[in-house]
Amino acid sequence: MAGVPLVAHAQQSVPQVQPSPVPVPSALELNKLVWSTMAAIDHANLAGNYSVLRDLAAPNFQILNDSAKLASIFAPLRSSGIDLSNALLLTPTFTAPPKLPQRDVMELRGYFGLRPTAINFELYYQWVVGRWRLVGVSIVPSNLAAVQPEATSPPARPPTQTSRPPRRK
């Protein structure tokens with residue numbers, strides 16, 4: 001029996017997969033990115049100093065936003081009195097899977113289901129020198145009922161009979 005073994009043939013037909021230069025974060029890593037961003041913004045809001053948030057971000061973010069501009073951007077959030085540190089107590093709920101709108105940019109959308117005010121987020125991270133770094137951010141407080149998917153109502157129960165009908169004689 002001359003011929004090429006099937007195993008060898010199958011191995012030859014499988015294309016080599018090149019490792020991606022941009023790693024796909026695990027669920028825990030995604031949560032950590034969101035939590036660390038919330039903590040950085042919360043600390044910046046409390047201190048009124050956005051230089052650390054800016055320094056941790058991607059170079060494009062740094063170029064477009066000085067500390068004074070960030071203070072202005074986050075002024076409405078700061079004046080709302082929302083305590084972003086509460087977001088660190090919950091796992092973020094993602095409203096869409098992570099997307100790569102560009103080869104090295106990842107988009108995360110979701111919310112923290114805090115009561116009575118939820119925190120919606122839209123975060124963009126850029127892969128820079130082996131690390132995901134913030135390149136865009138939107139944080140909007142909103143009513144929890146507005147961000148949660150509609151809860152399904154329990155199935156209707158058949159009416160229950162509370163008394164017996166009178167007996168006929």
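I began with Glu-107, which is buried at a relative accessible area of 8%. I kept in mind that this is a predicted model.

**Entry: the partners of Glu-107.** I looked for a salt bridge and found that Glu-107 forms one with Arg-109, where the closest N and O atoms are 2.2 Å apart. Arg-109 has a relative accessible area of 31%, so I noted this residue as partly exposed. I then found that the side chain of Arg-109 also meets that of Glu-122 in a salt bridge, at 3.2 Å from N to O. Glu-122 sits in strand β4 and Arg-109 in strand β3 (residues 105-112), so this pair ties together parts 13 residues apart in sequence. For Glu-122 I noted 22% relative accessibility, which counts as partly exposed. Through shared partners, salt bridges join Glu-107, Arg-109 and Glu-122 into one network.

**Entry: the rest of the salt bridges.** I found three salt bridges in the structure. One of them pairs Asp-55 with Arg-54, with 3.8 Å between the closest N and O atoms. I noted both residues as partly exposed, Asp-55 at 47% relative accessibility and Arg-54 at 23%.

**Entry: the largest pocket.** I looked up the volume of the largest pocket and got about 320 Å³. Its lining has 17 residues, and the closest to the centre are Leu-33, Ser-36, Arg-131, Trp-132 and Arg-133. I listed the elements that give two or more residues to this lining: α2 (27-47), α3 (51-56), β4 (117-128) and β5 (131-143). Helix α2 gives the largest share, five residues. By type, I noted twelve nonpolar, two polar and three charged residues in the lining.

Conventions:
Residues are numbered from 1 along each chain as its sequence is written. This is a predicted model: local features need pLDDT of at least 70, side-chain atom pairs count only at pLDDT 80 or more; totals for chains, interfaces and linings use all residues. Side-chain values use heavy atoms; hydrogens and water are left out. On a 1 Å grid over the protein atoms alone, a cavity is a set of points where a 1.4 Å probe fits but cannot get out, and a pocket is an open set with protein on both sides within 12 Å along at least five of seven lines; lining residues have an atom within 4 Å of a point. Grid points are joined across faces, edges and corners, and a volume is the space filled by probe spheres set on the points. Helices (H or I, at least four residues) and strands (E, at least two) are DSSP runs, numbered from the N terminus. Ala, Val, Leu, Ile, Met, Phe, Trp, Tyr, Cys and Pro count as nonpolar, Asp, Glu, Lys and Arg as charged, and the others, Gly among them, as polar. A salt bridge is a side-chain nitrogen of Lys or Arg within 4 Å of a carboxyl oxygen of Asp or Glu. Buried means under 20% relative accessible area, exposed over 50%, partly exposed in between (1.4 Å probe, protein chains only).
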